[in-house]
Amino acid sequence: MQLHDVWFVLIAVLWIGYFFLEGFDFGIGVLTKPLARDTTERRVLINTIGPVWDGNEVWLLTAAGATFAAFPDWYATLFSGFYIPLLVILVCLIVRGVAFEYRAKRDGARWQRNWEEAIFWTSLIPAFLWGVTFANIVRGVDIDAQKNYVGTVWDLFNPYALLGGLVTLALFTFHGAVFAALKTVGEIRERARRAALQAGLATAVLTLGFLVWTQAHSGNARSLVAMVIAGLALVGALAANQRGREGWAFVLSGATVVAAVAMLFLALFPNVMPSTLNPGWSLTVGNAASAPYTLKLMTVVAAVFTPLVLLYQGWTYWVFRKRIGVQHIPGRTGHNGQFPAAPRDQA
């Protein structure tokens, strides 16, 4: 295996990690409307991800940076051709971060309600657009001989890509509902389990259709294995959720995300962006990669710093592992809008 193949795998791992972590993060944001019945319950949901949401986004920055350094032609074609949807995602992530930090800066109901509305929409829109983006990457887009995207923004919203957007939205919502059940106590925990069942059934239908379509269009034996794993993990997550085994449900819903995203990269390889105009114009791991020396240097840096980042983020999740409920919400928040951790659930 050559270094450009290794970096394709590493970038795939970074995107998988991002969607695993930011997936339930987005899901919580989407659920602040249908799951929470009042401001206090919305505060409970927001505080389940309060200590970790910004750390989850580090995976996105790392994935984008690694793509820029390891595959500059892929990065250039992707971010120029997909400029509008990626810009919308970026704006949403900025507004979302501001909303988390500013929501608790004032006590006014209207002030908090407006920021909570922003959290909902800036979670829903990226969750949908990421599916649209990656569906187009796998399906292929209009790339010419100079490696330029020559289609329009409307070409990106084709039926396959729209289905991909619905899949990521549904899957992240399901993942978030399972996480909410894992991290809360009381009535909201029971409602989260019911929401997970409803979202999981919708996710199963959409995901099955999308993955079968992907396999038929550009799949191979490896992607077929990943597709089967994704399906089995989703069924297992639903079963665990019904039995009240929130820990296993979260592990399996996460495995669904991991296997589904892995399937997309397995179906894509050795391309990084196929051309629908001429297969010979497709961007591949070979013709889009940086020089060997650059890849060697990146490999050394990644080997040193990646374990440190993983250890730090794992420690963060361990520290904030306890459940919370409406009874743990104080009358006023701290300076950063976060609340004291609740006692660990003993069940």
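**Exercise 1. The second largest pocket**

Which helices each supply at least two residues of the lining of the second largest pocket? Describe this pocket in the predicted model.

*Solution.* 
Step 1. The contributing helices are H4 (58–70), H5 (72–81), H6 (83–102) and H7.
Step 2. Of these, H6 gives the most, with 7 residues.
Step 3. The lining comprises 25 residues, and those nearest the centre of the pocket are Leu 60, Ala 64, Phe 79, Leu 86 and Leu 90.
Step 4. By class, the lining residues divide into 21 nonpolar, 2 polar and 2 charged.
Step 5. The space in the second largest pocket is about 500 Å³.

**Exercise 2. The largest cavity**

*Solution.* 
Step 1. The largest cavity holds about 150 Å³ of space, and 14 residues line it.
Step 2. Closest to the centre of the largest cavity are Thr 168, Phe 210, Ala 260, Val 261 and Leu 264.
Step 3. At least two lining residues come from each of H7, H8 (159–183), H9 (187–218) and H11 (246–268); H8 gives the most, with 5 residues.
Step 4. The lining of the largest cavity has 11 nonpolar residues, 3 polar residues and no charged ones.

**Exercise 3. Aromatic pairs**

Classify the ring pairs Tyr 18–Trp 130 and Phe 120–Trp 121, and state the burial of each residue.

*Solution.* 
Step 1. The structure holds 31 aromatic pairs. One of them joins Tyr 18 and Trp 130, with 5.9 Å centre to centre and 80 degrees between the planes, and is edge-to-face.
Step 2. This pair links distant parts of the chain: Tyr 18 lies in helix H1 (residues 3–31) and Trp 130 in helix H7 (residues 109–139), 112 residues apart. Tyr 18 and Trp 130 are both buried.
Step 3. For Phe 120 and Trp 121, the ring centres are 5.0 Å apart and the planes stand at 80 degrees; the angle is over 60 degrees, so this pair is edge-to-face.
Step 4. Phe 120 has a relative accessible area of 9%, under the 20% cut-off, and is therefore buried. Trp 121, at 41%, falls between 20% and 50% and is therefore partly exposed.

Definitions and conventions: Residues numbered from 1 in each chain as written. Predicted model: local features only at pLDDT ≥ 70, side-chain atom pairs only at ≥ 80, totals over all residues. Heavy atoms only, no water. Phe/Tyr/Trp six-rings, centres within 6.5 Å; stacked < 30°, edge-to-face > 60°. Helix = DSSP H or I, 4+ residues; strand = E, 2+ residues; numbered from the N terminus. Buried < 20%, exposed > 50% of the residue type's maximum accessible area, 1.4 Å probe, protein only. 1 Å grid on protein atoms, 1.4 Å probe; cavity = no way out; pocket = protein on both sides within 12 Å on 5 of 7 lines; lining within 4 Å. Points joined across faces, edges and corners; volume = space filled by probe spheres on them. Nonpolar A, V, L, I, M, F, W, Y, C, P; charged D, E, K, R; others polar.
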